[in-house]
Amino acid sequence: MRVFIIKLNRAFENFELNNLSENRMDLVARCVSSAFFLDHDIRRDVKLLLCFDNNKVVEISGEIRQMRPDERSIAGFFKGLLQGKRYNGIRFYEASFNDIIKRYKVFYVLDRKGRDIKEIRIDKPVFIIGDDLGLPDIEGRKISLGPLSYMASHCIVILNNHLDGVIYESA
Ligand SMILES: C[S@@+](CC[C@H](N)C(=O)[O-])C[C@H]1O[C@@H](n2cnc3c(N)ncnc32)[C@H](O)[C@@H]1O
């Protein structure tokens, strides 16, 4: 299992499907797409934890069904969660970001200035990634994907591709 934890600097609250960028639900939806979607398939060995600023967590696993990779389809599931609907492969609960990271003994904090990912052996693939507003200083193993600043969703694609090529112990 690979785990991606996204620390979001916004609350999970009502939003318009026609205006996804308003509360950066476009970013959230792209993270989901990047974490799970392959060409005509879904990655089943992924867990994505979206930690919103108002202590709401949306936890998604490869058990999701009937979701399409486009932002609007994915955002529709988030809208449904806010309306009380529940879905296979999606858990919605209250927890803080700190509660979530306490679950893992080992995790890697994605940081442009960290150690080059190509130079390290990933022990347990648990990654913490910031949104467009970045991450606070988090104690942990800081790893870099290179000198450029990538979008959170692109970091997930790069990490997935990196992990596809290496042997690692499941998180
Ligand atoms: C769009 S970036 C954040 C930009 C934000 N303005 C900042 O300066 O932190 C989103 C997140 O992706 C991760 N990230 C982006 N580029 C990276 C890189 N080259 N190496 C490692 N992590 C990166 C970091 O976790 C960052 O918080």
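The largest nonpolar core of this predicted model has 42 residues, and those with the most contacts inside it are Leu50 and Phe127. At least two residues of this core come from each of β1 (2–7), α1 (25–36), β4 (46–51), β5 (56–61), α2 (71–82), β7 (108–116), β8 (126–130) and α4 (152–164), and α1 gives the most, with seven residues. The core also draws at least three residues from each of domain 1 (7–94) and domain 2 (100–164).

**Core**

- Leucine 50, one of the two residues with the most contacts inside the core, touches Ile6, Leu8, Val28, Val57 and Val58 when residues up to four places away in sequence are not counted.
- As general background, nonpolar side chains in soluble globular proteins tend to be buried together.

**Domains and their contact**

- The chain is divided into domain 1, covering 7–94, and domain 2, covering 100–164, and the centres of the two, taken over C-alpha atoms, are separated by 20 Å.
- The contact between them takes twelve residues from domain 1 and eleven residues from domain 2.
- On the side of domain 1 that touches domain 2, α1 and β4 each supply at least two residues, and α1 gives the most to that side, with five residues.
- Sorted by class, the side of domain 1 that touches domain 2 has seven nonpolar, two polar and three charged residues.

**Strand pairing around β8**

- Strand β8 is mostly covered, since four of its five residues are buried.
- β1 and β8 pair in the parallel sense over five bridges, and within this strand arrangement lysine 7 has glycine 130 in β8 as its bridge partner.
- β7 and β8 also run parallel, joined by two bridges, and the bridge partner of tyrosine 108 in β8 is phenylalanine 127, a residue that is also named with Leu50 as having the most contacts inside the core.

**Ligand shell**

- There are 17 residues around the ligand, and of these Leu110, Gly130, Gly134, Leu145 and Tyr150 come nearest.
- β7, β8 and α4 each supply at least two residues of the shell around the ligand, and β7 gives the most, with three residues.
- By class, the shell is made up of nine nonpolar, five polar and three charged residues.
- Gly130, listed among the residues that come nearest to the ligand, is also the bridge partner of lysine 7.

**Two individual residues**

- Leaving out residues up to four places away in sequence, methionine 1 touches Asp45, Lys47, Ser170 and Ala171; methionine 1 and glutamate 59 are 58 residues apart in sequence and 14 Å apart in space, C-alpha to C-alpha.
- Aspartate 111 has its place in strand β7, and it counts as buried because it has 20 C-beta neighbours inside 10 Å, where the threshold for burial is 20 or more.
- With neighbours within four places in sequence set aside, aspartate 111 is in contact with Lys142 and Ser144.
- Aspartate 111 and arginine 68 are 43 residues apart in sequence and 30 Å apart in space, C-alpha to C-alpha.

Key
Residues are numbered from 1 along each chain as its sequence is written. This is a predicted model: local features need pLDDT of at least 70, side-chain atom pairs count only at pLDDT 80 or more; totals for chains, interfaces and linings use all residues. A nonpolar core is a set of buried Ala, Val, Leu, Ile, Met, Phe, Trp, Tyr and Cys residues joined through C-beta atoms within 7 Å. A residue is buried if 20 or more other C-beta atoms lie within 10 Å of its own, exposed if 12 or fewer, and partly exposed in between; C-beta atoms are placed from the backbone. Domain bounds come from an automatic or database domain assignment. Two residues are in contact if their C-beta atoms, placed from the backbone, lie within 7 Å. A residue is near a molecule or strand if its C-beta atom, placed from the backbone, lies within 6 Å of it. Ala, Val, Leu, Ile, Met, Phe, Trp, Tyr, Cys and Pro count as nonpolar, Asp, Glu, Lys and Arg as charged, and the others, Gly among them, as polar. Two strands pair if DSSP finds at least two bridges between them.
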